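Dear colleague,

I am passing a structure on to you, with some notes on what turned up in it. Please look it over before reading further.

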Amino acid sequence: MIPDEDDSEQAEHHPKEYRITVITTADDLDEKFPHHDRLRIVFDRALALVGGPGEADQFELHYGEHALNDLERTLGELGREYDWRHHVELELVPKPVVV
């Protein structure tokens, strides 16, 4: 069976791998991740740049104005929801402190 144009367009639109840049308060993360990786992998690698696993409850990932709180979602799921292309920029931001 020969794929039609819609199938190849769909494959191009939703890549099998994403280059993800995470802006942090320390160094920035810039790596490639397969679409089946969970967001937790990206979060953990970015977190390591700013203090490590002991600080996980103090940060969250953002895509634009969207907080990405479900770290068990795959990058492919998020890519389809937010219409990600091959390169995605996220930000690791401190959670607001409630006093």
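Which pattern does the chain follow when it is read along the sequence? In this predicted model, the order is α-β-β-α-β-β-α-β, so that there are 3 helices and 5 strands in the chain. Of the 99 residues, 34% are buried, and the chain exposes about 6,500 Å², of which carbon and sulfur atoms supply 48%. Among the contacts with a separation of 6 or more, 59% are between residues 24 or more positions apart.

I would begin with helix α2. Five residues are named here as buried in α2, namely Leu39, Val42, Phe43, Ala46 and Leu47. They cover an arc of only 130° around the axis, which puts them on the same side of α2. The background to this is that an α-helix has 3.6 residues a turn, so residues three or four places apart point the same way. As for their partners, the buried residues of α2 pack against the strands β1 (17-23), β2 (29-34), β3 (59-63), β4 (66-68) and β5 (87-94), and also against helix α3 (75-82). Just after α2 comes glycine 51, which takes a positive phi of about 150°.

The other topic is charge. Side chains of opposite charge can pair when their charged atoms come close, and the structure holds 6 salt bridges. One of them joins arginine 40 to glutamate 72, with the closest N and O atoms 2.7 Å apart. This pair links distant parts of the chain, since arginine 40 lies in helix α2 and glutamate 72 in the loop between β4 and α3, 32 residues apart. Arginine 40 is partly exposed, at a relative accessible area of 35%, and glutamate 72 also counts as partly exposed, at 40%.

A salt bridge is also found between the side chains of glutamate 77 and arginine 73, at 3.8 Å from N to O. Finally, arginine 85 and aspartate 83 meet through their side chains in a salt bridge of 3.4 Å, N to O.

Note on methods: Residues numbered from 1 in each chain as written. Predicted model: local features only at pLDDT ≥ 70, side-chain atom pairs only at ≥ 80, totals over all residues. Heavy atoms only, no water. Buried < 20%, exposed > 50% of the residue type's maximum accessible area, 1.4 Å probe, protein only. Helix = DSSP H or I, 4+ residues; strand = E, 2+ residues; numbered from the N terminus. Arc of directions from axis to C-beta. Contact = heavy atoms within 4.5 Å. Areas by Shrake-Rupley, 256 points an atom, 1.4 Å probe, with all protein chains shown as cover. Salt bridge = Lys/Arg side-chain N within 4 Å of Asp/Glu carboxyl O.
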